[in-house]
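I opened a structure I had never seen before and kept a notebook as I went. Here are my entries, in the order I looked things up.

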Amino acid sequence: MTTLRPFLDTPYGAYLAREVPPPDDELTRVGPGTPCGEYLRRFWQPVAFARELGPVPLRIRIMGEDLVVFRDKGGRVGLLQLHCTHRGTSLEYGLIGERGIRCCYHGWMFDVDGRILETPGEPPSSTLKDRLCQGAYPTRELGGLVFAYMGPPSTPPAFPFYDTFDLPGYRLEPAGKFMLPCNWLQIKDNSMDPVHTSFLHAVSSGYQFTEAFGALADLDWEETPFGMIYVATRRVGEHVWVRVCDFMAPNVHQFTREIEEATQEKLASRPVIIRWAVPIDDTHTWNMELAQVDPGWRLTAEQIARPGFGQSDDRSYEDRQRHPADYDAQSSQRDIAVHALEHLASTDKGVIMLRKIVRDGIRAVAAGRDPRELLRAPGPPIATYTQDTVLRIPPEKDLEADKRLLRETGHKIVHGRLR
Ligand code: FES
Ligand SMILES: [Fe+2]
């Protein structure tokens with residue numbers, strides 16, 4: 001747990017506040033055997049896009065583990081430990097076969113589950129291949145993303161199927177993949193911090209989305225069975241705009257496209273982007289996305305895969321300084337944000353709740369239990385709440401009454417009772 005640094009109340013007092021305490025290891029370290037690493041490994045995690053699997057293997061690093069992922073010529077996806085179990089040559093140089101992958105060095109052939117199919121240099125009487133396995137993790141594909149389960153082999157969970165994986169009128173498409181040079185948790189903190197959409201994306205550096213984002217929102221947060229939501233309700237002229245976004249534990253969040261102008265009524269507009277923050281290691285993280293796309297938008301696969309404005313490092317330093325965006329705000333909180341140095345305020349309620357969900361899950365795993373959000377048996381699609389709803393509700397005369405109206409409207413939308 002974090003011990004906060006004493007409150008600095010001395011002007012010109014930097015001398016008194018130079019020490020940088022360590023990060024919260026329990027919440028941030030992701031390597032094998034760490035409490036958080038063990039927690040994250042209880043859930044299916046995306047590790048690559050299907051579009052990245054070609055004629056040669058793909059070397060990847062996930063939660064500090066070096067791995068190779070490939071699709072064999074029979075169409076099956078394999079995720080194996082990078083170094084060959086014979087004498088350690090990297091399987092990124094392996095030859096993809098009809099069934100599995102062959103190490104380039106001495107030709108050992110591995111099936112996608114790690115079983116050894118051939119040890120061609122050994123005598124026919126050798127039983128080594130029947131007794132030994134290459135380390136492998138199970139995979140499955142959805143929407144062009146390859147997911148892996150990297151936890152204990154005896155207890156794979158069910159795959160969580162969110163209701164937004166199948167939205168009438170939309171197609172689930174593989175979208176962006178981009179790396180942030182920082183810890184996974186500060187990226188997820190951002191997902192339950194809606195006040196930044198008014199400042200970072202509007203007031204601080206010009207409108208990055210729509211002008212409607214510049215209106216300060218009434219903010220609310222609620223736990224859900226699989227994570228939590230924020231509800232940001234804004235007054236935009238004669239309209240009230242309710243934006244709801246989900247966090248699904250342990251490292252998924254979902255949001256609507258940032259195109260809402262809030263000038264016309266609409267109920268529960270739900271084309272969403274679903275984003276996983278998958279640690280590469282403690283200080284680097286992949287954001288990987290699926291997106292619901294209206295075929296009528298006529299977007300190409302390249303357009304869908306392009307990261308949104310300011311999400312990646314695709315701009316010059318000068319441009320990022322003048323118009324900072326998510327990439328800059330999140331990665332500049334240090335490579336691992338130090339919670340002991342923070343001064344959390346009223347708008348950080350969502351961040352506090354999110355960290356509690358994560359910490360509770362970590363401690364459950366450490367105690368030999370399942371995290372609350374882990375799905376053990378397949379069931380109906382998991383309800384999520386992400387939406388833009390715009391209602392025409394003229395403003396109340398005084399500010400306080402209008403604030404109350406916003407709060408009530410947001411609450412009614414989330415709990416399904418309109419007007
Ligand atoms: S090192 Fe892989 S087969 Fe020898
Ligand atoms: Fe943002």
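Predicted model: local features only at pLDDT ≥ 70, side-chain atom pairs only at ≥ 80, totals over all residues.

Where in the chain is the place of R298? I found R298 in the loop between β18 (284–293) and α6 (301–305); helices (H or I, at least four residues) and strands (E, at least two) are DSSP runs, numbered from the N terminus.

Residues are numbered from 1 along each chain as its sequence is written, chains are lettered from A and ligands numbered from 1 in the order in which they are written, and side-chain values use heavy atoms, with hydrogens and water left out.

R298 is exposed, with a relative accessible area of 72%. My cut-offs are under 20% relative accessible area for buried, over 50% for exposed, and partly exposed in between (1.4 Å probe, protein chains only).

M63 also has a positive phi, near 50°, and is not a glycine either. I located M63 in the loop between β2 (58–62) and β3 (65–71). Is M63 buried or exposed? M63 is buried, at a relative accessible area of 0%.

I then checked P250, in the loop between β14 (239–248) and β15 (252–256). The peptide bond leading from A249 to P250 is cis, with omega near 10°.

**Two helices**

How many residues of helix α4 (residues 184–191) are buried? I got eight of the eight, so α4 is largely enclosed by the rest of the structure. Among them are W184, K188 and D189. N183 caps the N-terminal end of α4, with a side-chain oxygen 3.1 Å from the backbone nitrogen of L185. That is a polar contact (a pair of N or O atoms within 3.5 Å; within protein, one must be able to donate a hydrogen and the other to accept it, and residues adjacent in sequence count only if both atoms are side-chain atoms).

Next I took helix α9 (residues 349–366). Its 18 residues should span 26 Å at 1.5 Å a residue, and its end C-alpha atoms are 26 Å apart, which agrees; the expected span is 1.5 Å times one less than the number of residues. The buried residues of α9 include M353, L354 and I357. Their cover includes α1 (25–28), α4 and β14, where contact means heavy atoms within 4.5 Å. After α9 comes G368, with a positive phi near 85°.

**Salt bridges**

I counted 36 salt bridges, each a side-chain nitrogen of Lys or Arg within 4 Å of a carboxyl oxygen of Asp or Glu.

E342 is buried at 18%, and R355 is buried at 9%.

K177 and E52 form another salt bridge (2.9 Å, N to O). They sit 125 residues apart, K177 in strand β11 (residues 171–180) and E52 in the loop between β1 (45–49) and β2. K177 counts as buried at 19%, while E52 is partly exposed at 27%.

Last entry: D24, E26, R359 and R363 are linked in a network of salt bridges.
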